[in-house]
Structure formats: structure tokens, C-alpha cells
Amino acid sequence: MSGTQTLSFFESVEKSFDKAAQYTQWNPGVLEQIKACNAVYRMRFPVKMDDGRIEVIEAYRVQHSHHKLPCKGGIRFAAEVNQDEVMALASLMTYKCAIVNVPFGGGKGGIKINPKKYSSFELEKITRRYTAELVKKNFIGPGIDVPAPDYGTGEKEMAWILDTYASIHAGEVDAMACVTGKPVSQGGVRGRKEATGLGVFFGIREVCHIPELMEKVGLTVGVEGKRVVVQGLGNVGYHSALFFSRAGAKIIGLAEYEGSIYNENGLDIDAVVAHRRDTGSILNFPGAKNFAKNTDALEMDCDILIPAALEQVITGENAPRVKARIIGEAANGPLTPEADEEFIRKGTLVIPDMYLNAGGVTVSYFEWLKNLSHVRYGRMEKRFTENLNTHILTQMEELTGKQVTQKEKQFIMHGPDEIDLVHSGLEETMITATQEVMQVWRDNPNIPDMRTAAYVVAINKVATSYAELGIFP
Ligand code: NAD
């Protein structure tokens with residue numbers, strides 16, 4: 001086993017940070033402060049189960065950075081949850097938010113349970129007690145720390161968190177902003193579900209439009225016609241594949257845990273999902289070739305590989321056999337540091353997770369803003385914009401004596417709905433973040449990869465906060 005493999009998750013994050021810090025000029029004390037987790041709350045609390053048993057639950061909330069408030073990060077329900085993992089994920093949230101200009105410090109929470117082993121009522125009690133523990137220690141609130149869904153949690157848990165918080169803080173007008181990822185009927189925002197996959201698409205599309213990078217990896221500029229392989233057909237993988245195929249790329253390979261399928265002419269993603277729903281497997285999809293292992297997809301000949309399932313699926317062992325020219329990290333941590341080194345050697349472009357999968361937190365930020373403003377996006381301006389556009393169009397038709405088609409008319413006149421504004425805000429965020437990371441990479445030709453460039457962007461932004469705000473007292 002090599003030295004890097006023995007590092008814990010948090011130590012690996014620290015290692016990547018140190019690698020990038022060499023390309024900055026900040027005071028070592030400031031760098032140490034940025035790297036450290038500011039507050040770690042480890043708790044144990046009892047919950048009475050359906051059969052009358054009392055179970056002691058182990059849980060965490062970590063606030064990595066307070067340079068901007070509130071802290072922000074999901075809550076994970078998994079049997080593997082441990083302090084080191086929550087600290088690592090909280091640190092990544094700080095850097096992720098900084099890269100995509102979301103004004104939050106990083107946070108993360110975890111409850112060490114396998115949610116599949118509990119009834120819905122038990123899960124509700126665990127979630128509510130966890131929230132109450134956070135309230136007791138002032139670890140949750142619209143301006144303090146705002147959780148969101150992560151692995152093993154979703155809208156349902158977020159609604160329970162909101163209800164618990166609001167019950168304790170009766171009359172707090174901004175209580176709804178204490179958590180994001182809520183159902184739309186409880187203050188959630190439209191577009192949150194597809195946000196991460198759409199952000200992955202926007203991020204990779206932007207990179208594919210940079211001629212110097214495409215020349216380096218030997219691909220043509222643009223997304224159209226690119227051959228794409230996606231591992232994992234869950235929320236992130238499905239939506240990434242969907243937006244790529246809508247943009248004219250070909251999804252030639254897909255993997256789920258039961259195996260991989262391949263068709264060089266392209267796979268219809270919705271038809272594959274329907275086939276899996278009907279047969280319980282993606283295998284034996286009409287016209288596609290079967291592969292026994294889910295890891296086979298990672299080694300298929302393609303232009304873009306999108307791992308969107310689990311962490312550490314590409315290692316020093318299989319990286320030499322990966323043929324993709326671009327790897328877009330949709331999952332958190334799909335590559336080990338050894339795989340990273342191999343791709344630097346091979347000239348494969350790796351677009352890093354902490355920037356590429358930031359669509360979820362970006363749209364969570366939009367949800368938080370919506371909750372604080374107490375109004376749905378588009379409500380104030382939709383009709384005004386439609387009336388104005390109609391007026392301009394009518395004037396143009398009268399002046400030119402020409403008429404646009406009905407279809408064009410609808411498009412031009414349309415005032416923005418919430419979903420239009422959320423998608424457009426996400427697109428703007430991903431484009432700006434790509435340009436900022438690329439600018440740092442161009443300015444520092446010695447930076448070996450995009451991951452390090454992304455870390456440099458994050459460090460510079462957090463350090464600038466410390467430099468401008470000063471150190472209290
Ligand atoms: P999900 O549970 O919806 O989907 C994961 C899918 O991967 C499942 O369908 C599962 O069957 C499949 N899978 C598991 N092991 C596999 C394997 N070995 N090979 C092929 N497929 C496999 O989860 P998700 O929300 O799509 O998250 C996927 C990844 O993206 C995770 O790493 C997560 O941390 C990351 N991520 C998610 C979000 C989000 O908004 N959901 C945001 C940022 C990062």
C-alpha cells in the first residue's frame with residue numbers, strides 16, 4: 001500500500017490543500033486557519049424505537065469555516081459516518097462554495113445509521129431529535145448553519161428539520177431558511193432536483209468550448225457528437241446523461257451496480273431507465289452489448305467519462321486502462337490521488353468534483369435567498385416582462401411590416417418563471433466558475449492539474465476574507 005492510500009479522507013483533503021497552497025503567497029498562519037475545522041460537534045442521543053427499545057444514536061455536525069455565514073452543507077445518513085468523513089466533507093464544502101461564489105462557510109452533518117433499517121416514524125424521531133440537539137447548541141439557523149440533503153436524506157427529512165426548528169422558534173419570520181432541499185410546497189425551489197446534473201453538464205460544456213484544452217486532449221471544440229459514458233444512473237448520473245444527450249452528445253455507455261451496457265450509436269437514456277424499471281436491470285437493453293462488471297464502463301473507449309456513483313472507483317490500478325480524454329467528476333471523490341497522478345502523466349483532463357458538482361449547493365443558495373425574500377422567483381417580474389416584450393414585438397412588426405412565427409412569438413414574449421431563473425442562475429454560476437479556475441491555471445503554468453487550480457481559487461477567496469476582515473480581537 002502506498003503512503004497516500006493510508007491517509008484518511010480528511011488527511012487527503014489536507015494533502016490536496018497543501019499541494020495547492022504552494023502556488024499562493026498567503027501567511028502560513030492564515031493557511032493553517034483556513035484548513036482547520038472551526039467547530040466539531042459530536043453528539044449521542046437516545047431514541048425510542050417502534051418496539052420500545054432505546055437506541056443511542058451517534059451523530060455529528062461540523063462547521064469547517066466561519067469566514068462567511070451561515071455555514072452550509074448536507075446531512076448524511078449512513079452506517080459508515082464518522083468524524084473524519086464529516087470533517088473532510090465540511091472542508092470540501094468551504095472550497096466548493098468559494099469556487100462557485102456562494103457566500104457560505106462549509107459545513108456538514110452525519111448520523112451514523114443505515115436508514116433502510118428504520119421505519120419512517122423512527123427516522124422522523126431521529127431527525128427531529130438531531131435537529132433539537134443542533135438548536136440547543138446554536139448549530140442551526142438561517143444565519144448560523146443551514147443543512148441540506150446528502151446521501152441517505154431527501155426532501156422528507158428536510159421538511160422534518162424545518163418543522164422542528166420552526167416549532168422551537170415560534171414566530172421567527174425567516175425560519176424557513178434554516179434548511180434547504182425542502183419540498184417546493186414547504187419553501188423549496190423549483191430546479192433543485194436536476195441542479196447537480198445540470199451543473200455537471202454546464203461545467204463540462206464550458207470546458208469543451210476552450211480551444212486550448214480541447215487541443216491538449218485531442219478533441220474538437222463543443223459538446224455535439226461527443227461520445228459519453230456515465231457510471232451511476234441515480235439523480236446526478238441520470239440528469240447529467242439527459243442534458244448531454246439533449247445537447248447532441250452520444251451516450252454510448254452506461255453502468256449501474258449490476259453491470260455495464262454499450263452501444264456505439266448511442267443509448268436513449270429514458271428508454272434505459274424504463275427498461276431497468278421493468279426488468280430490474282440495465283442489462284439486455286435492446287441493441288446494446290452487455291458487460292458483466294459495473295467497472296467495465298470506466299474503461300470504455302470514449303471522449304468524456306462521468307463517474308456519478310461512488311467515491312474511489314478509479315484508482316492507481318485501473319487508471320492506466322481508462323481511455324477517456326476528459327473525466328468529469330460528478331460524484332464526490334471518484335478518483336484516488338494515485339489515479340490523479342496517472343491522469344496528469346497521460347494528459348487526461350480531470351474536471352474536479354469540488355467545482356463540477358457544485359450545482360446542488362448553488363441552487364440551495366437560491367432556495368435560501370427565496371426563503372429570506374418570502375417570494376417566489378419570477379412572481380414580481382413575469383407579467384411585466386411579458387407585457388413589455390409583447391409591446392416591443394408589436395412595435396417591431398408594425399415598423400417592419402413583417403410578422404414572426406407563432407413559435408418565435410411565444411419564445412420572445414415569455415416572461416421568466418422560477419425554473420427559468422434558477423436554470424439561468426446556475427448556468428451563469430458554472431460558466432463564471434470555469435473561467436475563474438481557468439484564469440488561475442493559465443496564470444500559473446506550473447500548476448499540474450485543474451483540481452489544484454480549483455483549490456488555489458478557493459484558498460485565494462477564503463484568505464482574502466481573512467485579509468479584509470482582520471483577525472478578531
Ligand atoms: P443516487 O443514490 O441517486 O445515485 C447513485 C446511483 O449509483 C444509484 O443508482 C446506484 O445504484 C448507482 N451505483 C452504486 N454503485 C455503483 C457502481 N459501483 N457502479 C455503477 N452504479 C452504481 O445518488 P446521487 O445523488 O446521484 O449521488 C451520486 C454522487 O454524486 C455521490 O458521490 C454524491 O455524493 C454526489 N453528489 C450528489 C449531489 C446531489 O445533489 N444529489 C450533489 C453533489 C454531489
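**Reading the second largest pocket**

Modeller: This is a predicted model. Let us begin with the second largest pocket, to whose lining helix H7 (211–217), helix H10 (337–346), strand E12 (349–351) and helix H16 (450–469) each contribute at least two residues.

Colleague: Which residues are closest to the ligand?

Modeller: The ligand is surrounded by 19 residues, with Thr 196, Asn 235, Val 236, Glu 256 and Asn 332 the closest. In this shell, nine residues are nonpolar, eight polar and two charged. Helix H8 (235–246) and strand E7 (250–256) each provide at least two residues of the shell.

Colleague: Which polar atoms lie at what distances from oxygen atoms of the ligand?

Modeller: For Thr 196, a polar side-chain atom lies 2.7 Å from an oxygen atom of the ligand. Polar backbone atoms also take part: one of Asn 235 is 3.0 Å from a ligand oxygen atom, and one of Ala 309 is 3.5 Å from a ligand oxygen atom. Of the 830 Å² of accessible area that the ligand has on its own, the protein covers 75%.

Colleague: How many aromatic pairs are found, and how is a pair described?

Modeller: A pair of aromatic rings is described by the distance of the centres and the angle of the planes. The whole structure contains nine aromatic pairs. One of them, Tyr 41 with Phe 139, is tilted, at 5.2 Å centre to centre and 55 degrees between the planes. This pair links distant parts of the chain, 98 residues apart: Tyr 41 belongs to strand E1 (residues 39–48), while Phe 139 is in the loop between helix H4 (120–136) and strand E5 (145–149).

Colleague: Where are the cis peptide bonds that involve Pro 70 and Pro 473, and what is the phi of Asn 101?

Modeller: Most residues other than glycine have a negative phi, and most peptide bonds are trans. A cis bond joins Leu 69 and Pro 70, with omega about 5 degrees; Pro 70 is in the loop between strand E2 (54–63) and strand E3 (71–77). Another cis bond joins Phe 472 and Pro 473, with omega about 5 degrees, and Pro 473 is in the segment after H16. Asn 101, although not a glycine, has a positive phi of about 55 degrees; Asn 101 is in the loop between helix H3 (83–99) and strand E4 (105–111).

Methods. Residues numbered from 1 in each chain as written. Predicted model: local features only at pLDDT ≥ 70, side-chain atom pairs only at ≥ 80, totals over all residues. Heavy atoms only, no water. Helix = DSSP H or I, 4+ residues; strand = E, 2+ residues; numbered from the N terminus. Near = heavy atom within 4 Å. Polar contact = N/O pair within 3.5 Å; in protein donor to acceptor, adjacent residues only side chain to side chain. Areas by Shrake-Rupley, 256 points an atom, 1.4 Å probe, with all protein chains shown as cover. Nonpolar A, V, L, I, M, F, W, Y, C, P; charged D, E, K, R; others polar. Phe/Tyr/Trp six-rings, centres within 6.5 Å; stacked < 30°, edge-to-face > 60°.
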